[in-house]
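Subject: Structure handover

Hello,

Here is the structure I promised you. Please open it alongside this note, and my findings follow below.

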Amino acid sequence: MMQYTKGLLLAAILISGCSSIQTPITRLPEGSQATSPDALKTIKLAIPQTLLTKIEENTQSLLFDGIDSPVAAFELPVIPAGISVEIVSQIKDTVFLPQARVVNQNGETMVEFPTQAFRYVKPRLAEGNRLVAEKLVFPTADTKTLTLLVFTDKSQMDGVTPVIHPARLDAEARGNYLPEVKDIQIPHSLTGELSVSVRPPKSGWFSNTQATPAPLPVLSSEQTAVTKQKKVSTLTPQQTTRDYYYKAIKTAVDDGNIDKALALLDEAKTLNVEGAQKVFTESIESRFQ
């Protein structure tokens with residue numbers, strides 16, 4: 001009877017599955033001006049997830065380290081293997097010309113998205129004119145939290161962003177002669193529509209120059225000589241990620257926190273960590289023996 005009960009429990013846990021969290025269109029927190037990132041109200045993002053939102057006149061703002069702007073603030077997942085963050089600003093009658101930073105728990109900048117990082121993308125299918133930027137974010141060993149701040153530069157409010165004229169776009173789509181029409185000039189605004197996507201790094205991005213892991217420490221000549229005399233064993237990013245999730249899943253099950261173990265298993269599967277399901281299953285079986 002005990003074995004039957006254990007089997008039912010294990011089956012129920014495994015059948016429940018681990019689905020990705022999807023967030024609907026979300027309204028940003030309202031508020032007055034904050035003077036530090038930790039004073040902002042944030043929206044927590046999972047992985048993978050795309051969140052649609054609007055920066056409005058009553059959206060909270062930030063005055064900190066060169067930022068003086070309405071701000072969208074998001075709490076990012078801290079994952080050893082890193083995450084890919086994409087920011088899209090939709091171009092309508094006006095456009096929110098974005099900049100962004102990812103800061104840690106001390107307000108220190110980990111990754112920066114300058115205005116120049118946002119490229120113009122023409123309309124395609126259901127998507128309209130937009131500004132898009134995407135970078136990798138790697139936490140360091142002492143990172144406890146990561147906060148994405150999306151803001152703008154008030155000094156550029158008199159500027160414009162050129163977008164393709166509809167007649168020229170239609171001609172391109174049909175393969176016709178391109179008419180001599182000028183681009184449309186879209187004024188910048190303190191409000192606008194944004195989307196933020198968080199997902200695992202794309203294959204091959206570990207060598208991408210858009211963003212890199214924290215630099216290795218610089219060794220002195222004496223330290224270098226000692227290192228050369230030793231046979232050093234290094235771990236690949238994949239091995240480090242695997243070991244992290246193996247240990248975290250087992251610890252969560254041992255502590256009886258099955259919900260946390262399932263969430264970790266979901267993350268591990270998203271990151272293609274091999275063997276995570278086996279670790280979870282064996283941990284469950286061991287706990288209920």
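Start at R27, which stands opposite K54 in strand β4. R27's strand is β1 (residues 26–27), and 2 bridges join β1 to β4 in parallel. Strands here are DSSP runs of E with at least two residues, helices are runs of H or I with at least four residues, and both are numbered from the N terminus. Two strands count as paired if DSSP finds at least two bridges between them.

Before going on, two notes on the source. This is a predicted model: local features need pLDDT of at least 70, side-chain atom pairs count only at pLDDT 80 or more, and totals for chains, interfaces and linings use all residues. Residues are numbered from 1 along each chain as its sequence is written, and side-chain values use heavy atoms, with hydrogens and water left out.

**Strand β4 and its partners**

K54 has a bridge partner in β16 as well: E193. β4 and β16 (residues 192–199) pair in the antiparallel sense, over 7 bridges. In a regular strand the side chains alternate between the two faces of the sheet. β4 (residues 49–55) has a covered face with Q49, L51, T53 and I55. Its uncovered face carries T50, L52 and K54.

**Chain overview**

The chain has 6 helices and 16 strands. Buried residues make up 40% of its 289 residues. Buried means under 20% relative accessible area, exposed means over 50%, and partly exposed lies in between (1.4 Å probe, protein chains only). Take contacts between residues at least 6 apart in sequence: 75% of them join residues at least 24 apart. Contact means heavy atoms within 4.5 Å.

**A three-stranded sheet**

3 strands form an open sheet in the order β2-β5-β6, with mixed pairing. The edge strands are β2 (33–34) and β6 (67–70), and each pairs on one side only. β2 runs parallel to β5 (residues 61–64), joined by 2 bridges. A34 stands opposite L62 in β5.

**The cores and F113**

The largest nonpolar core has 51 residues. F74, L76, V85, F113, L148 and V150 touch the most other members. Its largest share, 6 residues, comes from helix α5 (residues 258–270). A second, separate core of 9 residues includes V71, V103, L149 and F151. A nonpolar core is a set of buried Ala, Val, Leu, Ile, Met, Phe, Trp, Tyr and Cys residues joined through side-chain atoms within 4.5 Å.

F113 deserves a look. F113 is buried, with a relative accessible area of 0%. Leaving aside neighbours within four places in sequence, F113 is in contact with V85, I87, Q99, A100, V102, F118, A133, E134 and K135. The charged end of K135 sits over the F113 ring, 5.8 Å from its centre. That label requires NZ of Lys or CZ of Arg within 6 Å of the ring centre and within 35 degrees of the ring normal.

**Aromatic pairs**

How many aromatic pairs are there? The count comes to 2. Rings of Phe, Tyr and Trp (its six-membered ring) pair if their centres lie within 6.5 Å; planes under 30 degrees apart count as stacked, over 60 as edge-to-face and the rest as tilted. The rings of F113 and F118 have centres 6.4 Å apart and planes at 40°, so this pair is tilted. F118 is buried, at 9% relative accessible area. The rings of Y244 and Y245 have centres 4.9 Å apart and planes at 85°, so this pair is edge-to-face. Y245 is buried at 0%, whereas Y244 is partly exposed at 35%.

α5 has 13 residues and spans 18 Å from first C-alpha to last, close to the 18 Å expected at 1.5 Å a residue. The expected span is 1.5 Å times one less than the number of residues. Its buried residues are I258, A261, L262, L264, L265, D266, A268 and T270. Just after α5, N272 takes a positive phi of about 60°.

α6 (residues 276–287) has 12 residues and reaches 17 Å, close to the expected 16 Å. Buried in α6 are A276, V279, F280, T281, S283 and I284.

**I184**

I184 lies in strand β15 (residues 184–187). I184 is partly exposed, with a relative accessible area of 32%. H165 is 19 residues away along the chain, yet the two C-alpha atoms are separated by 5.8 Å. Beyond its neighbours within four places in sequence, I184 is in contact with T161, P162, V163, H165 and P166.

Best wishes
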